[in-house]
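Some notes on this model follow, as numbered points. Please read them with the coordinates open.

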Amino acid sequence: MSDVAQATIAPESPAQQALLTPSQLAWKRFKRHRLALISGLFLVILYLITGFAEFFAPYEKTTRNIKAIYAPPMSIDFFDTEGNFQFRPFTYGYTLTIDEVTWARKYIEDPKQKFDFYFFSRGESYEFWNLFKADFHFFVVKDEDGRLGYFHLLGTDQLGRDVLSRVLYGGRVSLSIGLIGIGLTLFLGVLLGGFAGYIGGFVDRVVQRIIEVIQSLPTLPLWMSLTAALPAHWSSIRVYFGVTLILSFFGWTALARQVRGRFLALRDEDFIVAARLIGGGNTRVIFKHMMPNFMSHTITTATLAVPGMILGETALSFLGIGLRPPIVSWGVLMKEAQNYQVIVMTPWILFPGLFVVLAVMAYNLLGDGLRDAADPHNIGGLK
Amino acid sequence: MSHLTTKFIIFLLGVLWTFSTNAEEEKEQWPIEWYEPFKTASEIGLTEFQQSPYLVDQDLPPIEERLPVDPIVVYPLKETGKYGGTAHIVNNDLWQFFNWEAALTISADMSSFFPNLAEWYELSEDGRSLTIKLREGIRWSDGEPLKSDDFIFTFMHLWHNKEYQSETYRLIRGVRAIKIDELTFRYDFPRPRPLFVNFVAQYGDFMIDPSHYMKQFHPDFTTKEELEARVKEYDMFNWTQLVNDIRREGSEQSVHVPTLRAYKLVEASPSRRKYVRNPYYYKVDPEGRQLPYIDAFSSEVVQEHEIMAAMASAGQLDFAAFQMRTQDIPLLKLGERNDIIKVHIWKRLHSSDVAIQPNYNHEDERLQELYFDLRFRRALSHAINRDEINDIVYFGEGTPRQVTVHPTSRFFKPHYATPFLEYDPEKSRALLDEIGLVDVDGDGYREHKDGSPLTITLEFYDFETPKGITMELVLEYWREVGISLNLKNVNGDLQRERAIAGKMEMTLWHADRVTDILFPLFPDWWVARSISWDRGMWNDWSRWYMKRGQKTPSVGFQPNPIWHLKGERIKGLGTEPPPAMRQLQDWTDQMWETMDEAERLRIGQQILEGGVENLWVIGTVGLAPHPVVVSKRLKGVPLEGIWGWDNRWTLANHPHTWYIDEGQ
């Protein structure tokens with residue numbers, strides 16, 4: 001890997017390199033971290049797909065397909081039962097029989113129900129971001145007569161709802177609760193940590209004690225009691241923000257510590273003292289001289305904290321005290337998968353778990369890459 | 001081995017196989033004796049009695065002395081069983097596994113009541129007293145004889161004790177239990193109470209206590225000092241808590257309480273209970289062998305339904321049914337395929353697995369007004385796609401129904417089950433429009449007439465029947481017609497507290513009390529007459545009926561339009577219900593009091609008609625399949641049965657005749 005990096009960078013003269021701004025430098029360092037790059041790309045795609053879930057998801061999150069209750073994932077085919085190749089991918093619909101002896105729902109691919117895929121086509125109508133009605137989908141399946149068929153890439157749940165669609169809609173909530181939470185965490189952490197570090201003295205001591213108290217509390221029981229305190233009559237959207245707030249109120253402490261440490265260290269650096277001596281006000285000193293020195297670090301910390309938030313939401317909802325239906329989140333979906341029956345009989349309900357793992361892993365790898373990139377001392381390979 | 005022999009054996013096996021499968025396909029017949037009063041040993045000429053080998057080494061009087069003078073003979077489902085074994089169950093199935101013993105019992109077809117502990121019973125012609133004569137020589141598990149005092153203790157000293165029972169129910173109020181002799185006693189009623197017979201048969205096991213043991217904990221029979229010392233010794237606050245605790249087998253101390261049931265408690269820890277056979281049990285099988293067949297059983301405390309279902313399907317339990325759900329059937333059947341369990345499909349007697357109850361007495365006036373409007377209730381009912389619920393939740397094996405009596409009931413008429421039943425979202429929307437509920441702000445949900453947001457919060461306890469999944473669907477159906485429903489899952493304690501306080505906007509429970517056993521006695525789904533944790537419709541009206549409950553002048557029955565005539569609310573005494581409901585309460589009184597069965601039928605059907613017209617509660621799907629999981633080695637459990645509180649689940653199937661056959 002470092003060979004590659006050197007190969008690309010070597011032709012540049014030291015003079016050119018010196019012209020690079022710190023962020024360009026960071027980007028160069030980041031690019032060397034292939035895994036982080038792929039993770040970042042994966043996250044971008046994930047956010048795009050979940051952000052435009054209405055378009056990408058074949059169905060709405062509550063659409064029930066009564067013909068497919070607990071139906072297993074369907075396959076995408078190019079060859080029909082007679083072995084003929086067809087360029088347009090297609091799938092076979094299911095016929096449902098309930099076994100008289102075992103009462104199990106059996107789905108058999110029915111060659112008579114052949115559904116072809118049509119991309120960027122009209123399907124089920126939806127309200128895009130609650131703004132306008134549309135019915136344009138990434139793909140729809142239609143039978144020979146042009147009627148809409150059904151296709152469940154990841155199967156369906158106990159009410160016949162498409163697992164893939166629910167994963168996408170759920171991802172919108174689960175991935176954004178992390179971001180909103182991190183926004184608040186950043187704000188609180190930088191504000192309180194900055195105050196403590198810059199002013200010091202009494203304020204510092206108070207903030208430090210608060211942090212210690214919060215950090216000493218076991219998080220899960222605390223989350224549990226606080227979310228249980230959310231009023232029952234709240235709409236699901238308010239509950240959502242309630243959970244976000246609760247998660248971030250406990251997430252800021254580590255960040256605040258780091259910011260404080262940075263402030264303490266920077267406060268007495270020569271260039272800060274100089275800036276102050278030539279008459280720079282507090283605001284100018286902080287924003288112009290101190291911020292750039294710890295911002296990259298802060299962003300990295302925040303990135304690494306997002307998976308914590310995602311997992312927090314998932315854990316709370318999994319326990320039934322976080323988000324509640326009709327909100328769909330990965331945690332809510334995993335709560336539905338929370339039984340023995342699912343593992344034995346309908347394992348595809350566990351797919352949301354896979355998405356949680358992938359998203360969290362991607363964030364961790366991205367954070368790792370960012371940390372390497374943001375560290376000004378890490379200049380190995382660039383010289 | 002010659003070639004021929006092998007062929008012969010294969011042929012024989014084939015024949016056996018055909019026979020066994022044929023036997024499976026034939027509809028199982030319950031023994032005729034289950035529909036008739038018990039025979040006694042002398043009637044069938046039994047003179048010799050045997051006991052389980054389990055009891056041989058124990059220091060006990062001979063079997064003849066332990067059995068009553070003329071023991072009851074109980075016929076098992078098919079053949080008589082064998083002694084021995086330890087069964088494993090979970091705590092939820094305790095009530096279904098040990099036999100309840102009351103003065104009377106219920107026939108297998110739920111149509112009549114037979115003497116059980118009693119030798120005979122007689123209701124006086126004016127219906128003002130019920131005389132019960134006990135069988136001679138029945139003994140408690142400690143060898144003490146059963147006496148009429150044991151009934152009188154419970155009735156007069158517990159149920160009529162203000163400290164123990166702060167609120168006496170209407171059925172009990174003013175009723176006295178009077179001793180005639182050691183084995184005969186009677187209940188005297190201030191007004192005719194012919195239905196008290198139903199009550200004794202269905203609930204009678206709670207109407208009897210071992211008075212010789214219990215007296216030491218009761219202030220009427222013990223000095224204050226002694227009592228205080230005992231309460232302290234048992235680590236309780238007061239004697240009522242102590243008595244309550246040991247009666248309910250709540251703690252370790254309960255192991256000392258004598259019982260009449262087939263099994264007595266010998267070990268009670270927070271995680272496990274152990275029961276062994278009661279050496280003094282008073283029933284025998286047709287061969288004169290003392291019941292029960294199974295020597296002992298242990299019961300594990302398991303809370304999670306999922307874990308229970310998993311244990312049951314893995315064959316870890318000999319009997320599991322109470323918390324099994326219809327949706328569990330495929331999973332359980334998987335265990336059956338592995339040949340470790342059998343899954344018997346019974347039918348729940350519940351008229352509807354989910355009975356949605358609007359709170360007509362809710363403090364929010366706007367909500368009250370809405371609920372009072374029959375059009376609103378109709379709209380909610382028409383919005384529900386019951387066939388789809390049936391397909392999704394019940395494999396199409398349930399019956400879409402409103403809440404009414406069970407088809408076996410003599411009160412039943414087919415049209416009671418079908419009002420406003422069809423799925424018709426258009427009609428539903430039209431009705432809601434007509435009421436004036438429109439979507440003002442365009443969010444897809446209708447608002448109150450004054451434009452304020454309308455969201456109904458439904459709190460429910462997801463226990464026994466498939467309530468959660470059904471409501472998830474109902475939420476969708478109602479959303480489609482623009483009604484915003486907010487579902488809240490609560491635990492049992494919260495449900496109790498909030499329902500009794502009448503705080504819930506809406507709640508639900510499954511509709512039992514719908515058979516001839518309980519409907520005439522407790523027509524709870526149609527009349528505001530009592531307050532309980534499973535109902536949240538009309539607590540204020542019920543309180544009024546319970547507290548002031550005197551007869552009120554009757555007005556002709558007028559259904560819906562009269563709702564606006566609301567009564568005044570008196571603090572602690574409830575609200576006077578509207579005339580229509582007062583009429584129904586009057587009818588309930590009459591149904592209780594009349595001695596004429598035809599009259600009772602007529603009044604009962606009037607009350608049910610009231611339900612048809614008013615749709616007090618909204619039903620979904622009822623008479624649903626219920627899985628009863630039986631281990632491979634447990635025999636004697638019927639393949640089909642009727643499951644529910646009314647007939648006490650397995651009572652008429654005589655669980656003490658079930659036996660363990662390990663086979664080879």
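1. Start with A:Asp77. Its bridge partner in E2(A) is A:Phe90. Two bridges join E1(A) to strand E2 (residues 85-98) of chain A, and the two run antiparallel. Strands pair here if DSSP finds at least two bridges between them. Strands (E, at least two residues) and helices (H or I, at least four) are DSSP runs, numbered from the N terminus.

2. The model is predicted: local features need pLDDT of at least 70, side-chain atom pairs count only at pLDDT 80 or more, and totals for chains, interfaces and linings use all residues. Residues are numbered from 1 along each chain as its sequence is written, while chains are lettered from A and ligands numbered from 1 in the order in which they are written.

3. Back to the sheet. It is open, has four strands in the order E1-E2-E3-E4 (chain A), and pairs antiparallel. Strand E1 (77-79) and strand E4 (132-142) of chain A are at the edges with a single partner strand each, so one side of each lacks a neighbour in the sheet. Neighbouring strands are turned by 55° against each other on average, direction ignored. The axes behind that angle are lines fitted to C-alpha atoms.

4. Next, the contact between the chains. Chain A puts in 19 residues and chain B 22 residues. Two residues are in contact if their C-beta atoms, placed from the backbone, lie within 7 Å. Helix H13 (residues 340-345) of chain A gives the most to the chain A side, with four residues. That side has twelve nonpolar, seven polar and no charged residues. Ala, Val, Leu, Ile, Met, Phe, Trp, Tyr, Cys and Pro count as nonpolar, Asp, Glu, Lys and Arg as charged, the others, Gly among them, as polar.

5. Chain B has 19 helices and 28 strands. Its radius of gyration is 27 Å, close to the 26 Å of the globule rule for 664 residues, so chain B is as compact as a globular protein of that length. The radius is taken over C-alpha atoms; the rule is 2.2 Å times the number of residues to the power 0.38.

6. In chain B, 21 residues of domain 1 are in contact with 20 residues of domain 2. Helix H5 (residues 196-203) of chain B supplies the largest share of the domain 1 side, three residues.

Conventions. Axes are lines fitted to C-alpha atoms, for helices over the stretch in contact, and angles run from 0 to 180 degrees between N-to-C directions.
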